[in-house]
Amino acid sequence: MLTLQHWLSFYEKNYVCVGRVIGRFYGEDGLPTPALTQVEATITRGLEANKLELQEKQTFPPCNAEWSSARGSRLWCSQKSSWNGSLALAPGGLKHVCYRLLQFLR
């Protein structure tokens, strides 16, 4: 749905609207149908989920990862030496994230 929203935003920015097609999303009166309202709500939820994911990546940036048959899996974090990679349980399953080790005062 977000890809559709991205395309629509591009289209609205670069082209002049000359009308609407009567059908699933617009009625004969030119007004949005309940189906369009549902699509718009889905897009809004998707945009909110993207925003939350970006915030999460700021807190726990994704790790760099590679796999080879000779070495197996390798994770590393490129931001700072005090960042370490780990598996984290998140909605939707396990994912590799980086976290900062806390340094305690002596």
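1. The structure contains one salt bridge, the term denoting a side-chain nitrogen of Lys or Arg within 4 Å of a carboxyl oxygen of Asp or Glu. The partners are Glu-66 and Arg-71, whose closest N and O atoms are 4.0 Å apart. Glu-66 is partly exposed at a relative accessible area of 35%, whereas Arg-71 counts as exposed at 58%. Here buried means under 20% relative accessible area, exposed over 50%, and partly exposed in between, with a 1.4 Å probe and protein chains only. In general, side chains of opposite charge can pair when their charged atoms come close.

2. On provenance: this is a predicted model, in which local features need pLDDT of at least 70 and side-chain atom pairs count only at pLDDT 80 or more, while totals for chains, interfaces and linings use all residues. Residues are numbered from 1 along each chain as its sequence is written, and side-chain values use heavy atoms, with hydrogens and water left out.

3. The chain has two helices and four strands, arranged along the sequence as α-α-β-β-β-β. Helices (H or I, at least four residues) and strands (E, at least two) are DSSP runs, numbered from the N terminus. Of the 106 residues, 15% count as buried. The accessible surface of the chain comes to about 9,300 Å², and 57% of this belongs to carbon and sulfur atoms; such areas come from the Shrake-Rupley method with a 1.4 Å probe, and for residues only the protein chains shown count as cover. Among contacts (heavy atoms within 4.5 Å) with a separation of 6 or more, 24% are between residues 24 or more positions apart.

4. Buried residues of H2 are Ala-35, Leu-36, Val-39, Ile-43 and Gly-46, and their cover includes helix H1 (2–14).

5. Met-1 is placed in the segment before H1. Not counting residues up to four places away in sequence, Met-1 touches Val-39, Thr-42 and Ile-43.

6. Rings of Phe, Tyr and Trp (its six-membered ring) pair if their centres lie within 6.5 Å; planes under 30 degrees apart count as stacked, over 60 as edge-to-face and the rest as tilted. Trp-7, Tyr-11 and Tyr-15 form one aromatic cluster. Tyr-11 is partly exposed at 39% relative accessible area, and Tyr-15, in the loop between H1 and H2, is partly exposed at 46%.

7. Met-1, Leu-4, Trp-7, Leu-8, Phe-10, Tyr-11 and Tyr-15 make a nonpolar surface patch of about 730 Å². Patches consist of residues with over 30% relative accessible area and no salt bridge, like charges being joined within 9 Å and nonpolar side chains (Val, Leu, Ile, Met, Phe, Trp, Tyr) within 5 Å.

8. Thr-33 also lies in the loop between H1 and H2, and counts as buried at 14% relative accessibility. Leaving aside neighbours within four places in sequence, Thr-33 is in contact with Gly-23, Arg-24, Phe-25, Tyr-26 and Gly-27.
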